[in-house]
Amino acid sequence: MELDAVLEDSCARDWQTVTPDSVDEVRFAVVGLGWFTKGRALPALEKSDLCEPSVLVSSSAEKAERVAADTEGAERGITYDEFHDGVARDAYDAVYIVTPNALHLEYVETAAAFGKAVLCEKPMERDSERASELRDVAAAADVDLMIAYRMQTEPTVRRARELIAGGYI
(Lines give C-alpha, C1' and ligand atoms only; values in the text may rest on other atoms or scores of the structure.)
Protein backbone atom coordinates (compact mmCIF):
# COMPACT_ATOMS: atom_id res chain seq x y z
CA MET A 1 0.00 0.00 0.00
CA GLU A 2 1.38 3.39 -0.99
CA LEU A 3 1.14 6.21 1.54
CA ASP A 4 -0.18 8.65 -1.11
CA ALA A 5 -3.04 6.26 -1.86
CA VAL A 6 -3.99 6.10 1.81
CA LEU A 7 -3.99 9.88 2.26
CA GLU A 8 -5.56 10.81 -1.09
CA ASP A 9 -9.21 10.50 -0.04
CA SER A 10 -8.70 10.80 3.70
CA CYS A 11 -11.87 12.82 4.22
CA ALA A 12 -14.16 10.91 1.85
CA ARG A 13 -17.48 9.74 3.31
CA ASP A 14 -17.35 6.46 1.40
CA TRP A 15 -19.49 4.74 4.03
CA GLN A 16 -22.56 6.84 3.23
CA THR A 17 -24.98 4.80 1.12
CA VAL A 18 -27.93 7.20 0.86
CA THR A 19 -28.36 10.50 -0.91
CA PRO A 20 -30.79 13.31 -0.09
CA ASP A 21 -32.98 12.29 -3.06
CA SER A 22 -33.17 8.63 -1.98
CA VAL A 23 -34.61 9.10 1.53
CA ASP A 24 -36.98 11.38 3.39
CA GLU A 25 -35.35 13.87 5.72
CA VAL A 26 -35.39 12.73 9.36
CA ARG A 27 -36.87 15.31 11.73
CA PHE A 28 -35.28 15.25 15.19
CA ALA A 29 -36.52 16.37 18.57
CA VAL A 30 -33.28 17.52 20.18
CA VAL A 31 -33.42 17.08 23.95
CA GLY A 32 -30.99 19.25 25.91
CA LEU A 33 -29.77 22.64 24.71
CA GLY A 34 -26.40 23.01 26.42
CA TRP A 35 -23.12 24.22 24.94
CA PHE A 36 -22.43 21.03 22.93
CA THR A 37 -25.88 21.06 21.37
CA LYS A 38 -25.78 24.74 20.45
CA GLY A 39 -22.15 24.75 19.34
CA ARG A 40 -21.85 21.38 17.60
CA ALA A 41 -25.02 19.31 17.21
CA LEU A 42 -27.44 21.96 15.96
CA PRO A 43 -25.02 23.46 13.40
CA ALA A 44 -24.34 19.94 12.06
CA LEU A 45 -28.07 19.17 11.83
CA GLU A 46 -28.72 22.50 10.10
CA LYS A 47 -26.06 21.73 7.47
CA SER A 48 -27.30 18.19 6.87
CA ASP A 49 -29.25 17.24 3.77
CA LEU A 50 -30.57 14.13 5.51
CA CYS A 51 -32.02 15.46 8.77
CA GLU A 52 -33.20 18.58 10.56
CA PRO A 53 -33.80 19.71 14.14
CA SER A 54 -37.58 20.25 14.12
CA VAL A 55 -38.34 20.38 17.87
CA LEU A 56 -35.96 21.68 20.55
CA VAL A 57 -36.39 20.63 24.17
CA SER A 58 -35.03 22.38 27.28
CA SER A 59 -35.82 22.92 30.95
CA SER A 60 -37.02 26.42 30.14
CA ALA A 61 -39.75 27.22 27.59
CA GLU A 62 -38.13 30.60 26.98
CA LYS A 63 -34.75 29.05 26.18
CA ALA A 64 -36.28 26.36 23.97
CA GLU A 65 -38.28 28.95 22.02
CA ARG A 66 -35.32 31.34 21.74
CA VAL A 67 -32.95 28.66 20.43
CA ALA A 68 -35.66 27.32 18.09
CA ALA A 69 -36.15 30.80 16.63
CA ASP A 70 -32.43 30.90 15.80
CA THR A 71 -32.26 27.34 14.40
CA GLU A 72 -32.96 26.55 10.77
CA GLY A 73 -35.61 23.83 10.49
CA ALA A 74 -36.87 24.14 14.07
CA GLU A 75 -40.65 24.41 14.23
CA ARG A 76 -40.92 24.93 17.96
CA GLY A 77 -39.30 24.81 21.36
CA ILE A 78 -40.83 22.88 24.27
CA THR A 79 -39.98 21.99 27.85
CA TYR A 80 -38.84 18.62 29.18
CA ASP A 81 -42.27 18.12 30.78
CA GLU A 82 -44.01 18.89 27.49
CA PHE A 83 -41.76 16.38 25.74
CA HIS A 84 -42.74 13.68 28.25
CA ASP A 85 -46.41 14.67 27.78
CA GLY A 86 -46.15 14.11 24.03
CA VAL A 87 -46.42 17.73 22.95
CA ALA A 88 -45.31 18.11 19.30
CA ARG A 89 -44.59 14.40 18.86
CA ASP A 90 -46.05 14.54 15.35
CA ALA A 91 -43.39 17.14 14.45
CA TYR A 92 -40.44 14.74 14.78
CA ASP A 93 -39.48 11.27 13.62
CA ALA A 94 -36.59 10.54 15.99
CA VAL A 95 -35.12 11.86 19.22
CA TYR A 96 -31.54 13.05 19.71
CA ILE A 97 -30.73 13.02 23.42
CA VAL A 98 -27.97 15.44 24.39
CA THR A 99 -28.61 15.78 28.12
CA PRO A 100 -26.12 14.84 30.84
CA ASN A 101 -25.64 11.07 30.52
CA ALA A 102 -27.28 10.28 33.89
CA LEU A 103 -30.55 11.61 32.41
CA HIS A 104 -30.54 9.65 29.13
CA LEU A 105 -32.71 6.77 30.34
CA GLU A 106 -35.82 8.81 31.12
CA TYR A 107 -35.83 10.39 27.65
CA VAL A 108 -35.24 7.04 25.95
CA GLU A 109 -38.20 5.65 27.89
CA THR A 110 -40.42 8.46 26.63
CA ALA A 111 -39.15 8.25 23.05
CA ALA A 112 -39.67 4.47 23.08
CA ALA A 113 -43.22 4.88 24.41
CA PHE A 114 -43.90 7.16 21.41
CA GLY A 115 -42.31 4.69 18.98
CA LYS A 116 -39.52 7.09 18.06
CA ALA A 117 -36.00 6.03 17.08
CA VAL A 118 -33.29 7.35 19.39
CA LEU A 119 -29.83 8.81 18.84
CA CYS A 120 -28.17 9.18 22.23
CA GLU A 121 -24.97 11.11 22.87
CA LYS A 122 -22.11 9.22 24.41
CA PRO A 123 -21.59 7.92 26.95
CA MET A 124 -24.73 5.83 26.78
CA GLU A 125 -25.67 6.28 30.46
CA ARG A 126 -23.98 6.85 33.81
CA ASP A 127 -23.19 3.17 34.43
CA SER A 128 -23.45 -0.21 32.74
CA GLU A 129 -26.63 -1.25 34.57
CA ARG A 130 -28.51 1.82 33.36
CA ALA A 131 -27.02 1.42 29.89
CA SER A 132 -28.38 -2.14 29.81
CA GLU A 133 -31.77 -0.87 30.92
CA LEU A 134 -31.69 1.80 28.22
CA ARG A 135 -30.92 -0.88 25.61
CA ASP A 136 -33.70 -3.12 26.93
CA VAL A 137 -36.28 -0.30 26.89
CA ALA A 138 -35.53 0.42 23.22
CA ALA A 139 -35.58 -3.29 22.31
CA ALA A 140 -38.89 -3.90 24.11
CA ALA A 141 -40.48 -1.03 22.18
CA ASP A 142 -38.85 -2.19 18.93
CA VAL A 143 -37.27 1.22 18.32
CA ASP A 144 -33.82 1.77 16.89
CA LEU A 145 -31.22 2.98 19.39
CA MET A 146 -27.89 4.41 18.29
CA ILE A 147 -25.09 5.94 20.31
CA ALA A 148 -23.43 8.99 18.73
CA TYR A 149 -19.96 7.55 18.58
CA ARG A 150 -18.51 8.42 15.21
CA MET A 151 -15.03 6.94 15.48
CA GLN A 152 -15.83 3.94 13.26
CA THR A 153 -16.70 6.26 10.37
CA GLU A 154 -14.30 9.13 11.08
CA PRO A 155 -12.12 9.36 7.95
CA THR A 156 -8.96 10.14 9.90
CA VAL A 157 -9.38 7.16 12.21
CA ARG A 158 -10.13 4.86 9.30
CA ARG A 159 -7.02 6.05 7.47
CA ALA A 160 -4.90 5.57 10.61
CA ARG A 161 -6.11 1.96 10.74
CA GLU A 162 -5.08 1.53 7.10
CA LEU A 163 -1.61 2.95 7.85
CA ILE A 164 -1.21 0.47 10.69
CA ALA A 165 -2.50 -2.44 8.59
CA GLY A 166 -0.22 -1.40 5.71
CA GLY A 167 2.83 -1.48 7.96
CA TYR A 168 3.56 2.28 7.87
CA ILE A 169 3.02 2.58 11.61
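**A walk through the fold**

Among contacts between residues at least 6 apart in sequence, 59% join residues that are at least 24 apart along the protein chain. Keep that figure in mind as you look around this predicted model. The chain has 169 residues, and buried ones make up 37% of them. Its C-alpha trace spans about 55 × 35 × 30 Å along the principal axes.

Let's begin with the secondary structure. There are seven helices and six strands. Starting at the N terminus, the elements run α-β-α-β-α-β-α-β-α-β-α-β-α.

L56 sits in strand β2, which covers residues 51-58. Is L56 buried or exposed? Its relative accessible area is 0%, so L56 is buried. Setting aside neighbours within four places in sequence, L56 is in contact with V30, L33, L42, A64, V67, A68, T71, A74, R76, G77 and I78.

The next stop is V95, in strand β4. With a relative accessibility of 0%, V95 also counts as buried. Again leaving out neighbours within four places in sequence, V95 is in contact with F28, A29, V31, F83, A111, K116, A117, V118 and L119.

Follow the chain onward and you come to T99, in the loop between β4 and α5. A residue counts as buried when its relative accessible area is under 20%. T99 has a relative accessibility of 8%, so T99 counts as buried even though it lies in a loop. Not counting residues up to four places away in sequence, T99 touches V31, G32, Y80, H104 and Y107.

That brings us to helix α5 itself. Seven of its 10 residues are buried, so α5 is largely enclosed by the rest of the structure. Which residues of α5 are the buried ones? They are H104, L105, Y107, V108, T110, A111 and A112. The elements covering them include β1 (26-31), α4 (80-85), β4 (94-97), β5 (117-121) and α6. Just after α5, G115 takes a positive phi of about 75°.

Two packed helices are described by the angle between their axes and the distance between the axes. The axes of α5 (residues 104-113) and α6 (residues 128-140) come within 9 Å and cross at roughly 5°. Angles under 35 degrees count as roughly parallel, and so α5 is roughly parallel to α6. On the α5 side, the contact is made by H104, L105, V108, E109 and A112, and on the α6 side by R130, E133, L134 and V137. By class, this contact has five nonpolar, one polar and three charged residues.

Finally, visit the second largest pocket, which holds about 150 Å³ of space. H104 and T99 turn up again here, in a lining made of G34, W35, F36, T37, V98, T99, P100, N101, H104, E121, K122 and P123. Which helix gives the most to this lining? Helix α2 (residues 35-47) does, with three residues. Sorted by class, the lining has five nonpolar, five polar and two charged residues.

How values were computed. Residues are numbered from 1 along each chain as its sequence is written. This is a predicted model: local features need pLDDT of at least 70, side-chain atom pairs count only at pLDDT 80 or more; totals for chains, interfaces and linings use all residues. Side-chain values use heavy atoms; hydrogens and water are left out. On a 1 Å grid over the protein atoms alone, a cavity is a set of points where a 1.4 Å probe fits but cannot get out, and a pocket is an open set with protein on both sides within 12 Å along at least five of seven lines; lining residues have an atom within 4 Å of a point. Grid points are joined across faces, edges and corners, and a volume is the space filled by probe spheres set on the points. Helices (H or I, at least four residues) and strands (E, at least two) are DSSP runs, numbered from the N terminus. Ala, Val, Leu, Ile, Met, Phe, Trp, Tyr, Cys and Pro count as nonpolar, Asp, Glu, Lys and Arg as charged, and the others, Gly among them, as polar. Axes are lines fitted to C-alpha atoms, for helices over the stretch in contact, and angles run from 0 to 180 degrees between N-to-C directions. Angles under 35 degrees count as roughly parallel, over 145 as roughly antiparallel, 65 to 115 as roughly perpendicular and the rest as oblique. Contact means heavy atoms within 4.5 Å. Buried means under 20% relative accessible area, exposed over 50%, partly exposed in between (1.4 Å probe, protein chains only).
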